[in-house]
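This report describes a predicted model.

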Amino acid sequence: MPITASTTSVAETRQVAAALAELARAGDLLLLVGDLGAGKTAFTQGFGAALGVVEPITSPTFTLARVYEGRFVLNHLDVYRLAQLDEVLDLGLQELLDGDSVTLIEWGDVIAPALGADYLEVRLAFGDRDDDRHITLEPMGTRWVARARALAASIEPWVTREQEAS
Ligand SMILES: Nc1ncnc2c1ncn2[C@@H]1O[C@H](COP(=O)(O)OP(=O)(O)O)[C@@H](O)[C@H]1O
Ligand SMILES: [Mg+2]
């Protein structure tokens, strides 16, 4: 079942991501979904910082993939420009996922069919005010469904009552 957190600043979105990073395990895959400017890269920055990445995390739009060193190796991909699935497969994604690293893919929903069944979908959407964002988590596959309770607990400070009720 999806859970939604709400933030009112980029710093807060980074905090949500950092809280989720505490649950990261080697081989994890997170797909970041949402329009341009929704905060996919900002989320990755908070996530990476919590993993101990000290290097600045920048948008990989023109490089496809960047690799950072932290408590885990963090692979950060942006597949926005990829028109075809075989281009993604050429990136050697499966090798990345089989390794000891954690992988975050912006615009990852485009390639979800080519990926294994196990991933956390992180959907970022604009809210009412300029700096409002809604971050919806949807665990896909047993690897993430098994952590659903822990996921909910980690973002609990940002889940509003109205959302819990709906
Ligand atoms: N609550 C928020 N969460 C994330 N980003 C926010 C928020 N409020 C404002 N922003 C701004 O929105 C932009 C998000 O950009 P970015 O993370 O690069 O988006 P994307 O990677 O999804 O295209 C940044 O300029 C950031 O400062
Ligand atoms: Mg981005």
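## Strand pairing

Strand S6 (residues 119-126) pairs with strand S7 (residues 133-140) in the antiparallel sense, over eight bridges. Helices (H or I, at least four residues) and strands (E, at least two) are DSSP runs numbered from the N terminus, and two strands pair if DSSP finds at least two bridges between them. Within S6, Val122 stands opposite Leu137 in S7.

## Sheet and helix

The order S1-S7-S6-S2-S5-S4-S3 describes an open sheet of seven strands with mixed pairing. At its edges are strand S1 (3-7) and strand S3 (65-69), each of which pairs on one side only. On average, neighbouring strands are turned by 20° against each other, direction ignored.

H2 packs on this sheet and touches strand S2 (29-33), strand S4 (73-78), S5 and S6. Contact means heavy atoms within 4.5 Å. The direction of H2 makes about 165° with that of S5; axes are lines fitted to C-alpha atoms, for helices over the stretch in contact, and angles run from 0 to 180 degrees between N-to-C directions.

Because Thr41 lies in helix H2 (residues 40-50) and Glu106 in strand S5 (residues 102-106), the pair ties together parts 65 residues apart in sequence.

Thr41 is buried, with a relative accessible area of 17%, and Glu106 is buried at 3%. Buried means under 20% relative accessible area, exposed over 50%, partly exposed in between (1.4 Å probe, protein chains only).

## Basis

Residues are numbered from 1 along each chain as its sequence is written, while chains are lettered from A and ligands numbered from 1 in the order in which they are written. In this predicted model local features need pLDDT of at least 70, side-chain atom pairs count only at pLDDT 80 or more, and totals for chains, interfaces and linings use all residues; side-chain values use heavy atoms, with hydrogens and water left out.
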